[in-house]
Amino acid sequence: MTDLAPDVVGAPSSTPGGARGASSGETTTARAGGRFERWTEKRWFLPLGEGVVSVVVALGFMLLCTHISVNPVTRIGQVSGLAKIQQYAALLGIPVLAVLLFLAYRGTLRYYQVAQRLACAAVAGLGTGVVAGGIVVALHGTPWGLGGQEGDPGNLMGMANDMMRGKGLPGVYPPLFPALLAVWAKLFHHGVAGVGHALKDLQLILSALVGPMAYLSWRMLLRPFWAMAVAVPTSIVFLDPIRPYSHGSMLVLLPLLAACFREIRRADELSVRSAVLRGLGFGAAFGVMFLWYSGWYLWAAPGSFILGLMLFPWRRGRVAIKRALVFLATLLVTAAVIGAPLLYQLVRLGATTMDRYAYINTYIDPAYVMGWASDRAGDLTYHDYPASGELAGQTGFGVLLLLGVGIGVGLGLRNVVVRTAGFVLAGAWLLRFWFASHMEHTQAVQLYPRTTWIIFYCLIILAVLGVMLTYERVFGWIRGTLEEVAPARAARISPRVLSQLAAGLICAIALFATMGGSWSANRFMPSTNPGVEDMGLDALRAHLQQLDNGKCPKYSPYNGKQACNPINMNLSEYTFGPDQKKLYCANATSKEYDVVCGRPPKD
């Protein structure tokens with residue numbers, strides 16, 4: 001894929017005064033540069049460096065925010081905490097961006113290209129590091145994670161407790177995260193008694209790692225700048241700190257699918273051994289992700305199946321067909337073996353598992369996929385959400401996004417990433433309306449609002465690729481035209497100029513990462529609006545949960561006034577009563593129930 005900094009290495013920096021003789025200091029620098037070049041020429045060195053930088057920045061920034069001491073239950077305390085996070089981000093980020101800009105203007109292109117790769121990785125880690133740092137501030141003073149012991153966090157704790165007690169995991173929930181929670185609680189928090197504290201650790205760690213996971217996944221297919229351009233906005237928009245593992249798996253699934261389709265398309269270039277090894281690698285990745293969170297496989301399946309049939313090398317000879325079959329067979333068998341525990345439960349119980357939970361996203365126009373309100377809707381209702389845009393209800397952002405999607409599809413239909421995003425989008429779109437159109441008849445939601453996330457993700461991918469392909473075509477056309485009619489002017493569009501442009505855009509995306517990360521963290525600050533269930537309710541619950549000594553957390557609004565919620569040491573997976581075969585309509589008052597659900601609140 002095209003990069004904003006072309007692969008031109010070893011170019012001298014443009015310094016005034018012309019060439020000079022080499023001094024002893026310059027000779028030493030040249031020797032150091034030679035050693036540096038030898039290291040960077042190793043295939044594993046820079047990719048490893050990107051991974052290390054991205055992870056260290058994400059986790060390091062989250063840990064740095066543990067030193068912020070404010071009262072997170074008051075709005076002034078929340079604002080002070082968010083401001084301190086931005087101060088930290090500026091103090092750490094400005095020197096990195098300054099070095100990048102200096103190398104873009106004064107350094108060699110080799111040094112700049114290395115700096116660009118590391119800077120892009122750092123920005124990807126910083127975005128979700130800021131979000132995780134905000135959650136650190138929101139939970140300051142309490143050892144409990146978002147949600148306390150209630151809702152989905154309580155369910156996860158119950159699953160982990162059941163595992164520690166030697167019970168199996170019931171239902172069709174992916175077992176890998178509850179298993180990790182159980183192991184973490186045993187290792188660091190004294191087992192069952194500390195599973196709630198262990199959940200807080202994993203919420204923070206995994207929230208910080210979503211950005212690096214997305215960036216490194218896209219690096220399998222895109223150059224650093226474009227991988228960052230996809231990973232930063234999507235990881236911030238889709239990150240759910242209460243369950244960071246779920247959306248993290250979606251962010252990884254799309255590039256993994258695209259990389260898999262790339263292997264199928266070039267199967268004739270692979271040896272049998274290479275096809276087997278690649279199949280094992282992809283199969284292991286898909287299998288582990290399936291156990292980590294499997295929901296996205298359903299929405300991606302129809303489009304992926306059709307695209308796989310289209311890309312299979314049917315007409316490229318026996319060798320290509322044989323290699324592709326070896327690759328696919330190895331992949332599917334490996335994934336099935338690893339995912340067997342959950343596959344068995346899905347086959348046994350999947351047809352009888354009904355989702356009847358309706359909430360605000362179930363009531364809105366089903367064609368709206370540009371945002372998410374969650375079941376913590378606050379004061380929003382389906383009457384005023386989403387806000388109507390200027391053009392047939394579509395906002396300016398939505399129109400521009402769709403314009404980018406059209407350009408991406410128009411210019412890059414042969415691109416495997418464009419095809420993957422497009423086919424997954426189309427399949428999820430059809431499944432969305434299939435389930436939504438049958439909702440009244442079946443009285444089942446079947447999680448169809450969650451297609452909002454994967455559809456929106458595909459739209460962002462296609463729009464970014466549209467910008468990338470436009471850049472590639474436009475600059476290529478301009479340079480080619482100028483080389484024919486005005487070679488001197490063509491020379492002005494040099495790798496140096498493009499490097500400077502890329503450095504400036506990286507600075508802009510870094511600023512977006514800190515601003516967007518602060519916006520995301522702000523939504524999860526403890527609720528200061530009594531009686532309204534907004535997205536800060538889960539952080540507030542962590543401050544209303546009793547400590548091990550029976551007292552309230554340090555900043556709890558109940559502190560010294562009344563008892564906090566008692567600890568449930570016998571917490572097990574929530575059990576539900578018999579299926580009523582009717583929708584449970586959340587976010588609807590008793591007065592609205594008949595209008596929203598078509599029946600009285602109790603029947």
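Let me start with how we name things: helices (H or I, at least four residues) and strands (E, at least two) are DSSP runs, numbered from the N terminus. On that basis, the protein has 22 helices and two strands.

Before we go on, please keep in mind that this is a predicted model, where local features need pLDDT of at least 70 and side-chain atom pairs count only at pLDDT 80 or more, while totals for chains, interfaces and linings use all residues. Residues are numbered from 1 along each chain as its sequence is written, and side-chain values use heavy atoms, with hydrogens and water left out.

Now, the overall form. The C-alpha trace spans about 85 × 60 × 55 Å along its principal axes. How does the radius of gyration agree with a compact globule? For 603 residues such a globule would have a value near 25 Å, and the protein has 26 Å, which agrees. That radius is taken over C-alpha atoms, and the globule rule is 2.2 Å times the number of residues to the power 0.38.

Buried residues make up 50% of the 603. Here buried means under 20% relative accessible area, exposed over 50%, and partly exposed in between, with a 1.4 Å probe and protein chains only. As for contacts, meaning heavy atoms within 4.5 Å, take those between residues at least 6 apart in sequence: 76% of them join residues at least 24 apart.

Let's go inside. In soluble globular proteins, nonpolar side chains tend to be buried together. We call a nonpolar core a set of buried Ala, Val, Leu, Ile, Met, Phe, Trp, Tyr and Cys residues joined through side-chain atoms within 4.5 Å. The largest one here has 116 residues, and those with the most contacts inside it are Trp 218, Leu 222, Met 228, Phe 286, Ile 454 and Ile 461. Which helix gives the most to this core? That is helix 18, residues 451–485, with 16 residues. A second, separate core has 28 residues, including Ala 58, Leu 82, Val 130 and Val 136.

Let me zoom in on a few residues. Ile 461, leaving out residues up to four places away in sequence, touches Trp 218, Val 230, Leu 254, Val 417 and Ala 421. Ala 463 lies in helix 18 and counts as buried because its relative accessibility is 10%.

Over in helix 9, residues 244–265, we find Leu 253. Leu 253 is at 2% relative accessibility, so it counts as buried. Beyond its neighbours within four places in sequence, Leu 253 is in contact with Phe 286, Met 289, Trp 296, Tyr 297 and Ala 300. Met 289 is 36 residues from Leu 253 in sequence and 8.0 Å from it in space, C-alpha to C-alpha.

Next stop, helix 14, where Asn 361 lies. Is Asn 361 buried or exposed? Asn 361 is buried, with a relative accessible area of 4%. Its contacts, not counting residues up to four places away in sequence, include Trp 372, Tyr 385 and Tyr 448.

Follow the chain into the loop between helix 14 (360–363) and helix 15 (396–412), and there is Ala 367. Ala 367 has a relative accessible area of 40%, so it is partly exposed.

A word on backbone geometry: most residues other than glycine have a negative phi, and most peptide bonds are trans. Where do we find a cis peptide bond? The bond from Tyr 385 to Pro 386 is cis, with omega near -5°, and Pro 386 lies in the loop between helix 14 and helix 15. Gln 443 has a positive phi of about 55° although it is not a glycine, and lies in the loop between helix 17 (439–442) and helix 18. Gln 446, in the loop between helix 17 and helix 18, also has a positive phi of about 55°.
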